[in-house]
Amino acid sequence: MLIDPFYIPDAKYSGTSTGVRTFEYGSSYVNAGVSLVSLLMAAGWSVVDSFPSVAIQRRPAYYFQTNIGAGTPGEMSPVQCANTMGASWRRASVGSLIYNSYDPYIHTPTCPAGTNVMRWFEAGETTLDTANNLADKITEGGVFSVSVSGIIGDPSAGGSYEFTLIPNVPAFEFDEIPIGIGSPVGSTSLRGYYTLRSPSLNDIYLECKVETRITNNSGGFFAYDGVGTPKLCLTITSSAGGSYYMPLMPGSYYFCGCNYQFAIWPQAGQVASRNANTSMFVSLIEAPDGWHGAGGNCPFVVGANNGDLNIYADHFRTQLHWSQSLACGHSGVMDDTQYLKGTCDGYQTVAMLVRGTKGRPTVSLAGQPLVQAPYIVLPANPTAGPEAEIAGKLWDIVTTSGNAEIGASMMHDGRRWECFSTTRPTGDVGCDMWMLKSAG
Amino acid sequence: MGLAYTDLPIVMETVSANPATFLDALRSILTAAGWTSAAYLTGYVYACLSPQGFAVQLRVWDPADSNFDDCFAFQWVSSYDPYPEGLIHHLRMDAALTYFVWANCCSLFIARPGITHTGDFLPWSVFGGVPHAAGLTEPTPQCEAQSPAAPEVTTELWFSSGSDNGVAGFGSSHSQNFRSSSFCQRFSFFRNGMNLGGDAVNEGAALQLGVIRPPGYLNNKRPSGFESGILWVDSTPMASDPLISVAGIWYGQLYDACCLSKPMALEATEQIFETDGDILTDWVNYMNGVGFTAADGRFSSLLLLTGGPTVVENIAY
């Protein structure tokens, strides 16, 4: 006997949807990160952890001036005050602020009115004293707390001092301030993050870490001393285990989220090339009532990370089945595909369940597509194991048997919806996925 | 939409495929299901009416056609003069065999038990009737000429199909149909006086059940998927209303039937209990097959109602 097997066509409403919002990831990844954190909070997720970014720079010890130990200081010359002296004056910079050392036995750190653009720090008796004075001077600025390590590297070659700069407030808000103490030249602080947590759903929750990182070209990260354009990176974890990581590429995005789900997708048309703006979908699918949910809640993430921490062509919005760059599982546990293409295939593929006709949309006599429930099948393990099984419904989503254009709008159930993913009708069943466009 | 129940008698029997007795056995079944009959050539013409008031007629006779040896002919026709005709579907007779027959007030499904088709491509299944029409309806009175209606208003609706490929001598393949597939390749489908049927060469033109299916498992991309069906985590399949469409338009659904998202043996039975209302129904499976092509997966069944819906009290499960 089958107990309550029937398809229920209704959408599953969270009641907490933000509706479709926009955010910009243009020249400022900091602003994008702040916006994304704000949007997740609007969806009901809360910040449960944060960590400030870090910048590490090194400069050879011999660059740091020592004082002469005795003398009567005189005034700075106009040349010194105007910052047109040579490099031997040990310049450092943090953003627009320039730091120079001075010998307190030769000069007083004052300049004629209107000419002093320097932040002066004393040269000490040793180069380490001078480096520490620089650190203290930068710390006085209130943005970063700076510490200095002892000599690192080959002492016979003079060695270097390592400066560690940590912003005084979390997390990545000051990551676009260029730091010029030494090398690497032009680096900034990075790897600050906020971790946002979804409300619990049957004791399971998701977390999203919003972080700034720089990726290298061999599938790894620079730690804190990389040079390059940091990316906004998202790491999704499930409280029962498992994670998925994806960098986000600059672009203009839509966001729609609720207590247990969020989606990010580009405002522009479909993406066909790698390392362009992309999409990400994250959901904690609620186990249905009754017997069918024996496997518990099912986390599901699909993105476009292609394995070398770059972005593969966006496949989320051009089909309604996914076999790569995803993570999912039953009982709250999320196994990822290690971002590899094709590691899960065949019946381990994640797919929406639809009713329609291959090669063409299928509509009513009035020309309207059949609006369908967003049932989804997930494998317990996307890299191995048995066939995918019905996990439940996605939140605030419906599918249709038509083929609308991405970005199209429709009214259904008294609500407005936006088409954000579709299959191409050629060779596959025609169907679209729609996101609740209005909040609530 | 929910399932469309006729709430009228349903008859299911296994009868001999003996040509000497088959016509009378079938007449007995259809009469019990509420159909009326009259003599027609070497057999009978039946009339039936759906709960929505849509009528259709069915002719069954022995055509003695040497192109289709030992076959009876089934032909659904409109109920009004001049009686537009659907395709003729043949059904092989053999005294050594039997047929599974299921009928309600407006539908008939026949098939050789346990068989979808055989290598000699003999026709072993036939079915047709009146589906439940979606949207606005205005049934054409029986035997009256159809009156014009707005395009979205259904005034007539019926279909027929079977494994007969229509080729003299039975050709070199069978026609996909609801016995072997969620699609019918050679079919009649009449709506408002127009025949939308034919011999479909692709999925988009076929008569199809709106079975639940995953994109990406089609077109020979994922032929091995879902061998056990599309199941919930507790191994329960998903049941759904048996929507039907032709050429990309949903027209309605079959009466007293539902789709199940797992493959079942032919004539296998199943019970469904709905806790909302304590409703119990009994079913028998008519379909075991693939999609439009063999590469389209095998994860659906077509269940025909055999008992209920009845409200059950104190059921133990």
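Reply: In the antiparallel sense, strand S4 (residues 55–61) and strand S5 (residues 71–77) of chain B pair over five bridges; two strands pair if DSSP finds at least two bridges between them. Strands here are DSSP runs of E with at least two residues, helices are runs of H or I with at least four, and both are numbered from the N terminus. This is a predicted model, where local features need pLDDT of at least 70, side-chain atom pairs count only at pLDDT 80 or more, and totals for chains, interfaces and linings use all residues. Residues are numbered from 1 along each chain as its sequence is written, while chains are lettered from A and ligands numbered from 1 in the order in which they are written.

Me: Which residue is the bridge partner of Arg59(B) in S5(B)?

Reply: The partner of Arg59(B) is Gln75(B).

Me: In what order do the strands of the open sheet in chain B come?

Reply: The order is S2-S3-S4-S5-S6, five strands with antiparallel pairing. Strand S2 (36–40) and strand S6 (85–92) are the edge strands, each pairing on one side only. From one strand to the next, the twist averages 20 degrees.

Me: What lies across S2, S3, S4 and S5 of chain B?

Reply: Helix H1 (residues 22–32) of chain B does, running at about 15 degrees to S3(B). Such angles run from 0 to 180 degrees between N-to-C directions, with axes fitted to C-alpha atoms, for helices over the stretch in contact.

Me: How many residues of chain B are in contact with chain A?

Reply: Two residues are in contact if their C-beta atoms, placed from the backbone, lie within 7 Å. By that rule, 43 residues of chain B are in contact with 44 residues of chain A. S23(B) gives the most to this side of chain B, with five residues. Two bridges join strand S1 (residues 2–3) of chain A to S23(B), and the two run parallel. Within S23(B), Ile272(B) is the bridge partner of Leu2(A).

Me: What share of chain B is buried?

Reply: A residue is buried if 20 or more other C-beta atoms lie within 10 Å of its own, exposed if 12 or fewer, and partly exposed in between, with C-beta atoms placed from the backbone. Buried residues are 55% of the 317 residues in chain B.
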